[in-house]
Amino acid sequence: MNNIKKCVDILNELGGDALILCDEANMHYLCGFSPSEGIVFVTKDGSGIHFVDSRYTETAQNNAKNTGLEVVEINTGFVKELGEYVKKLGIKSLVYEDETITLKRYNDIKSNCEGVELLPLGDRLMRERNRKEPYEIEMMKTANAIAEKSFLELLNFVEVGKTEKELAAQFDYLMAKNGSHGLSFDTILLTGAHTSMPHGVPGDSVIKEGDFVLFDFGATYKGYHSDMTRTVAVGSATDEMREMYDLVLKAQLAGIYAFNAGKKCADVYKAAYDVLDTKDMAQYFRHGLGHGVGLEIHEGFNASPRSVDTYETGNVSSIEPGIYLPDKFGIRIEDVCYLSPERRVNLSTVTKDLIIL
């Protein structure tokens, strides 16, 4: 792993002397873990410094064996010591994260790096992160395997009378037990009419015979996220439930098939939308088709009608159409797919046939 060179290429493109990273995911991309606070500093000659406080010194030093960063433990403050290094090295221009930095941090940098030109990074590093390396895909596969194992184990606990909150807590426990380093996001586990809320919060609703139960979940491994959604039925499913499930699955398969390097993100969305529209159900599809996944659960490109981006080799995206019928039920099916140099790879392996427990 040597992402320092990618930063040097960005510096050469922008004409900057050095680059500073404060965003947790961006720092992870360079230092190999996710410090809650710190600064990664890269100069155009390819040297890099990771400014840490005493909480992270040992962790940073262990990771530096692979990343090539020099670890500096601060004595005063992050930006103050950054300013001292900038002055010592004669830095005239500094690239900063204009899309994620706080105004307070920007003003601190400006006052501690007096006379230094500040150049906006824009989305350049995000685009690099969006083109996944093979080692990153391995991390994501591990996270996904943990999540899938936990989901299949959880199905043994799903039964009439259990509450959403009870099962969500059991799910989170299983993921931790199976090796997850943390949740990708708060687990979404909904039953009955609650499934019509795309991002509903598990509550005290009780599973009943004939309900759909929707699970949207993700594990993490060494900072990398997984994301999956499955919808199952308990006891039985009506003809309408089966018909709508099959429709959503067809839409998802169309979206996956359309997901290719060189394809516009908006066109991938439309491929799934059009399938739902054949049955006049597209009006109940109330979100984008997918989002990039990696060191953050939402990063990179979105498969949405508003997107102006085009997918590239190395991109990873969820493909997750759904229909949500208010006060009735909702269905979502989600996989995460990767555009390898050779072919499209679906990282998700759990069956998408309708499961009836």
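Visitor: Which residues of α8 are buried?

Guide: The model is predicted: local features need pLDDT of at least 70, side-chain atom pairs count only at pLDDT 80 or more, and totals for chains, interfaces and linings use all residues. Numbering starts from 1 along each chain as its sequence is written, and side-chain values use heavy atoms, without hydrogens and water. Buried means under 20% relative accessible area, exposed over 50%, and partly exposed in between (1.4 Å probe, protein chains only). In α8 the buried residues are Glu 164, Leu 167, Ala 168, Phe 171, Leu 174 and Met 175.

Visitor: Within what arc do the buried residues of α8 fall?

Guide: An α-helix has 3.6 residues a turn, so residues three or four places apart point the same way. The arc is taken from the directions from the helix axis to the C-beta atoms. The buried residues of α8 line one face of the helix, because seen down its axis they fall within an arc of 125°.

Visitor: What do the buried residues of α8 pack against?

Guide: Helices (H or I, at least four residues) and strands (E, at least two) are DSSP runs, numbered from the N terminus. Contact means heavy atoms within 4.5 Å. The buried residues of α8 pack against α7 (134–154), β7 (188–191) and β8 (212–217).

Visitor: Is Tyr 338 buried or exposed?

Guide: Tyr 338 lies in strand β17, residues 335–339. Beyond its neighbours within four places in sequence, Tyr 338 contacts residues including Lys 132, Ile 137 and Phe 259. Its relative accessibility is 8%, so Tyr 338 counts as buried.
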